[in-house]
Amino acid sequence: MARRPIGIVLGGVTGRMGYRQHLVRSLLAIRDEGGLPLADGSRLWPEPVLVGRNEARLAEIARRHGLTEWTTDLAAALSRPDVSIYFDAQITRQREKAVRRALEAGKHVYVEKPLAVDHAGALELARTAAAAGVRTGVVADKLFLPGLRKLRRLVEGGFFGRILSVRIDFGYWVFEGDWQPAQRPSWNYRAEDAGGITLDMFPHWQYLLEGLFAPVRSVQCTIATHVDTRVDESGRPYPATADDAAYAVLELDGGVIAQVNASWCVRVYRDELVQVQVDGTHGSAVAGLHHCRVQHRAVTPKPVWDPDSPSTVDFRAQWQEVPDNEAYGNAFRVQWEAFLRHVVEGTPFPWDFAAAARGVHLAELALRSAREGCRVPVPPS
């Protein structure tokens with residue numbers, strides 16, 4: 001098959017997410033399998049151009065994977081005529097400026113979330129992209145996880161009847177950085193660097209709830225900074241000024257109620273780091289990253305409240321595993337393939353900058369709700 005090269009500038013590839021999920025497990029994995037098959041019989045061949053501030057780390061990554069194109073000069077990379085796409089996985093505070101430069105250079109743009117530090121900035125980027133006539137996308141990886149793809153299948157098949165409620169539990173204990181190294185970078189815990197779990201995760205909840213169930217119509221949120229002092233990568237203590245936990249109740253179209261707990265200060269007692277429970281009139285489901293289990297109303301047990309006797313019922317054993325029925329690939333790669341086809345073939349891709357702006361808006365409204373102590377309506381987009 002004919003090979004069709006496409007140049008992709010990758011910003012932020014020296015970070016864990018940019019390197020592991022986007023470069024290695026997505027673009028290089030596509031290359032390892034001979035390229036992405038297109039409708040005309042050709043194969044699209046990603047040609048990564050690595051961009052960052054650390055010359056040594058860029059050179060090492062390029063050497064490790066047999067790549068030759070890397071630079072610390074973003075403007076030079078964006079000026080190349082063989083480059084069609086700019087991808088950004090930098091820290092949030094640096095993203096807007098780089099994306100704007102890519103749009104001005106006429107490149108299609110795909111980014112990690114959040115698109116911007118606030119709703120106004122996200123809307124401005126969406127308007128700029130529309131005026132430039134380029135294609136845009138934002139990472140919505142949760143929708144492409146095997147467990148949530150199974151959950152989508154249940155929704156589309158009418159398994160739940162009328163959906164009543166959704167409960168999302170996300171998080172794990174992120175070590176403070178003193179007696180054990182932290183699993184997340186220190187900027188995540190500084191508000192001045194656009195850190196905080198609300199801005200980080202509520203764009204995810206927005207596309208997940210909208211994509212699987214219905215648009216969000218109101219949010220009531222409480223946030224907290226449970227751990228107020230952490231230790232950075234150099235071993236220096238610093239004040240944690242951003243929220244490390246958020247607890248929210250959201251109302252969706254149709255009266256569905258969603259409860260969301262997101263915390264970097266919680267120890268996991270569930271099957272996976274993120275768990276979504278859906279309860280409906282005809283059945284319920286619990287989905288994680290990989291697994292999804294269901295209980296239909298016809299086999300729902302009839303518990304009796306008896307606080308004086310130990311329970312002998314194994315409630316978990318009464319749920320049924322949803323079969324895979326198909327092979328599920330890496331969630332980031334699946335969406336990369338969809339975006340590449342969107343750019344080259346014009347196939348639909350609903351997770352554009354307008355959708356990204358809705359995610360940032362929900363995070364902004366959740367923070368406002370926490371600040372003002374009230375329920376905040378989410379206006380239709």
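Phe353 is in contact (heavy atoms within 4.5 Å) with Val99, Leu103, Val109, Val111, Leu115, Leu125, Ala126, Ala129, Thr136 and Gly137, leaving aside its neighbours within four places in sequence. This is a predicted model, where local features need pLDDT of at least 70, side-chain atom pairs count only at pLDDT 80 or more, and totals for chains, interfaces and linings use all residues. Residues are numbered from 1 along each chain as its sequence is written, and side-chain values use heavy atoms, with hydrogens and water left out.

**The core**

Phe353 also belongs to the largest nonpolar core, which has 112 residues. Phe353, Leu151 and Phe213 are the residues with the most contacts inside this core. Helix 7 gives the most to it, with nine residues. A nonpolar core is a set of buried Ala, Val, Leu, Ile, Met, Phe, Trp, Tyr and Cys residues joined through side-chain atoms within 4.5 Å. Buried means under 20% relative accessible area, exposed means over 50%, and partly exposed lies in between (1.4 Å probe, protein chains only). In soluble globular proteins, nonpolar side chains tend to be buried together.

**The sheet**

Helices (H or I, at least four residues) and strands (E, at least two) are DSSP runs, numbered from the N terminus. Nine strands form an open sheet in the order 17-16-15-14-8-13-12-9-18, with mixed pairing. Two strands pair if DSSP finds at least two bridges between them. Strand 17 (320–321) and strand 18 (376–377) stand at the edges. Each has a single partner strand, so one side of each is left without a neighbour in the sheet.

Strand 8 (residues 163–171) and strand 13 (residues 257–263) run parallel, joined by seven bridges. Here Ile168 stands opposite Val260 in strand 13. Strand 15 and strand 16 (residues 292–296) run antiparallel, with five bridges. A hairpin joins strand 15 to strand 16 through four residues. Gly283 stands opposite His296 in strand 16. Strand 16 also pairs with strand 17 in the antiparallel sense, over two bridges, and Val294 stands opposite Gln320 in strand 17.

Helix 7 (residues 197–212) lies across strand 8, strand 9 (216–224), strand 12 (245–252), strand 13 and strand 14. Helix 7 runs at about 145 degrees to strand 8. For such angles, axes are lines fitted to C-alpha atoms, for helices over the stretch in contact, and angles run from 0 to 180 degrees between N-to-C directions.

**Rings and charges**

How many aromatic pairs does a search of the whole structure find? It finds 13. Rings of Phe, Tyr and Trp (its six-membered ring) pair if their centres lie within 6.5 Å; planes under 30 degrees apart count as stacked, over 60 as edge-to-face and the rest as tilted. Two of the pairs are set out below.

| Pair | Centre to centre | Angle between planes | Kind |
|---|---|---|---|
| Phe144 and Trp351 | 5.2 Å | 70 degrees | edge-to-face |
| Phe170 and Tyr172 | 6.2 Å | 80 degrees | edge-to-face |

Phe144 lies in the loop between strand 7 and helix 6, and Trp351 in the loop between helix 8 (331–345) and helix 9 (353–372), so their pair ties together parts that are 207 residues apart in sequence. Phe144 counts as buried because its relative accessibility is 11%. Trp351 is buried too, with a relative accessible area of 17%. Both Phe170 and Tyr172 are buried. Ring pairs link Phe144 and Trp351 with Phe87, Tyr110, Trp336, Phe339 and Phe349 into a cluster.

Charges meet rings as well. A charge sits over a ring if NZ of Lys or CZ of Arg is within 6 Å of the ring centre and within 35 degrees of the ring normal. The charged end of Arg3 sits over the ring of Trp45, 3.7 Å from its centre. The charged end of Arg267 sits over the ring of Trp173, 3.9 Å from its centre.

**Loops**

Is Lys142 buried or exposed? Lys142 has 13% relative accessibility, so it counts as buried. Lys142 is found in the loop between strand 7 (136–138) and helix 6 (146–156).

Ala194 and Asn325 are not glycines, yet Ala194 has a positive phi of about 65 degrees and so does Asn325. Ala194 is buried at 8% relative accessibility, whereas Asn325 is exposed at 63%. The peptide bond from Lys113 to Pro114 is cis, with omega near -10 degrees.
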